[in-house]
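Work through the exercises below with the model open. Try each task before you read its solution.

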Amino acid sequence: MTTEPLTMRSTGRNLIAGEWSESGDRLESVNPSTGLVLGSYASAGASEATAAIAAARRAFDESDWSRDPRRRSRAIHQLADNLEARVDEVALMLSRENGKRLPETTWEVSTTVDWLRYAAASAIVLDGGRSSEVAPGVYFQTGREAMGVIGIITPWNSPVILSMRSIGPALAAGCTMVVKMPGQTALTNTLVAEIIAETTSIPPGVVSILTEGGNAVSPALVTSPDVDMISYTGSTHVGRAIAKTGADTLKRLSLELGGKTPLVIFEDADLDVVMQNIVAACTLMNGQFCLTGSRLLVQRSIADRLRPMVIDAISNLRPGPSEDPASDLGPLIDADSARRVDRIVQEADAYAKILVRGGVVEDAERPGGAYYQPSLVEVDRLDVPLVQDELFGPVQTFEVFDDEADAVRMANGTSFGLGAAVFTRDEWLARRVTRNMRAGFVWTNCWGVIHEAFEEGGLKQSGYGLLCGPSAISEFQDTKLYAQVAPPQE
């Protein structure tokens with residue numbers, strides 16, 4: 001395969017206990033926009049995982065890292081400073097490796113800086129303990145203590161922000177950790193590891209960064225008795241497997257899993273706002289997002305009016321190279337993913353009406369087979385794969401409902417419960433519907449809006465546990481109870 005010229009680092013490596021490691025299988029990182037090789041990386045395996053876990057265990061058990069919150073806060077601020085100084089570099093590499101448009105990767109990396117600063121503040125502000133004299137001379141006190149060694153497993157669609165979403169509060173809590181990052185973004189991962197290594201106030205062994213193209217590191221983290229908790233972001237299928245295996249050591253688990261976000265559009269909605277959100281919900285991260293607005297639920301009275309508007313918008317979206325400002329969306333992560341999505345839409349022709357066929361795009365400007373023209377499919381059943389399964393691609397369903405009760409029934413009609421959005425000018429209708437939706441994120445007249453000061457998490461098959469906000473640090477802490485009885489007075 002041809003190698004793409006690059007001015008940035010083109011060799012990926014792992015950071016273990018403050019030392020660089022290039023052991024393991026040598027694999028390639030490919031730019032899905034061009035189909036060309038960006039560079040090679042050392043894919044970590046079981047031996048690298050074992051070394052990193054042992055280093056994290058020593059750093060937790062044999063140092064005072066977990067006992068000094070001000071030290072940890074300063075360290076997280078330094079980490080944020082170091083990342084902020086390299087936003088453009090990290091964003092460009094991420095855009096090249098996973099195909100997201102450059103404005104999106106720039107947003108991801110710069111927003112990660114804000115999330116880290118929130119975590120730094122939480123280290124010294126969010127204590128969580130309380131005390132009381134419950135009877136004369138009988139004193140009770142609770143304290144929050146670091147849980148221990150954390151295994152963090154992150155996906156390729158947003159590896160910087162989703163790894164730091166766990167790293168930040170885990171550091172704030174006083175934990176040590178091994179972070180398994182995906183092989184698809186190996187060179188980006190190495191930049192993240194460099195930034196960790198440059199953060200001299202984080203002691204060696206507190207954070208190790210491993211990139212893996214196979215499947216040895218994650219099982220090692222989940223099965224190791226020296227790992228106290230797993231923080232995983234990814235598919236529901238893998239999340240179930242982690243939960244089953246983690247039960248053997250009774251690990252604490254935080255799982256943010258798949259989604260099937262409905263955008264529920266009532267007849268009084270502002271259609272200009274609706275259309276802006278429909279397009280964004282289809283194209284952000286090239287449709288490879290756990291909160292992708294993959295279901296359009298439209299009230300019957302406006303379905304005939306809205307349908308041609310959506311058809312026109314989806315038909316005119318232009319997939320293109322991730323660094324091209326003219327691109328409405330970039331390629332999928334690889335050609336196999338594009339073919340998979342195309343096959344799912346083709347199979348939907350047996351039970352649905354395809355309004356916009358879309359499909360794999362490959363030409364001189366868009367080589368490699370990873371580009372996918374978005375699709376729109378009208379469905380009148382809930383029990384079909386296009387409605388029930390997470391596709392991870394720019395495909396939306398057009399579904400028609402009759403009234404408020406019907407909208408809630410349909411919106412809740414999948415096993416997922418991550419995100420949902422409602423569009424209406426009626427505030428109390430919006431409040432009723434969002435209250436009755438079984439989803440961890442609910443938006444009114446918007447979609448995809450998040451903030452580091454407010455929790456994120458899913459319901460149902462979308463997982464459990466909360467990250468971001470004041471609850472994030474608690475995910476990585478245990479509560480200990482202290483009791484004292486005063487001696488009798490002489």
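The model is predicted: local features need pLDDT of at least 70, side-chain atom pairs count only at pLDDT 80 or more, and totals for chains, interfaces and linings use all residues. Residues are numbered from 1 along each chain as its sequence is written, and side-chain values use heavy atoms, without hydrogens and water.

**Exercise 1.** Describe the lining of the largest pocket.

Step 1. Count the lining: 44 residues. W156, Y232, G234, S235 and V238 lie nearest the centre.

Step 2. Find the sources. β9 (176-182), α7 (217-223), β11 (229-233), α8 (236-246) and α11 (335-348) each give at least two lining residues. The largest share, 7 residues, is from α8.

Step 3. Sort by class. The lining of this pocket holds 17 nonpolar, 20 polar and 7 charged residues. Here Ala, Val, Leu, Ile, Met, Phe, Trp, Tyr, Cys and Pro count as nonpolar, Asp, Glu, Lys and Arg as charged, and the others, Gly among them, as polar.

**Exercise 2.** Which residues form a nonpolar patch on the surface, and where is F140 found?

Step 1. The patch consists of V134, F140 and L481. Like charges are joined within 9 Å, nonpolar side chains (Val, Leu, Ile, Met, Phe, Trp, Tyr) within 5 Å.

Step 2. F140 sits in strand β7 (residues 138-146).

Step 3. Strand β7 also gives the largest share, 6 residues, of the second largest pocket's lining.

Definitions and conventions
Patches are made of residues with over 30% relative accessible area and no salt bridge: like charges are joined within 9 Å, nonpolar side chains (Val, Leu, Ile, Met, Phe, Trp, Tyr) within 5 Å. Accessible areas come from the Shrake-Rupley method with a 1.4 Å probe; for residues, only the protein chains shown count as cover. A salt bridge is a side-chain nitrogen of Lys or Arg within 4 Å of a carboxyl oxygen of Asp or Glu. Helices (H or I, at least four residues) and strands (E, at least two) are DSSP runs, numbered from the N terminus. On a 1 Å grid over the protein atoms alone, a cavity is a set of points where a 1.4 Å probe fits but cannot get out, and a pocket is an open set with protein on both sides within 12 Å along at least five of seven lines; lining residues have an atom within 4 Å of a point.
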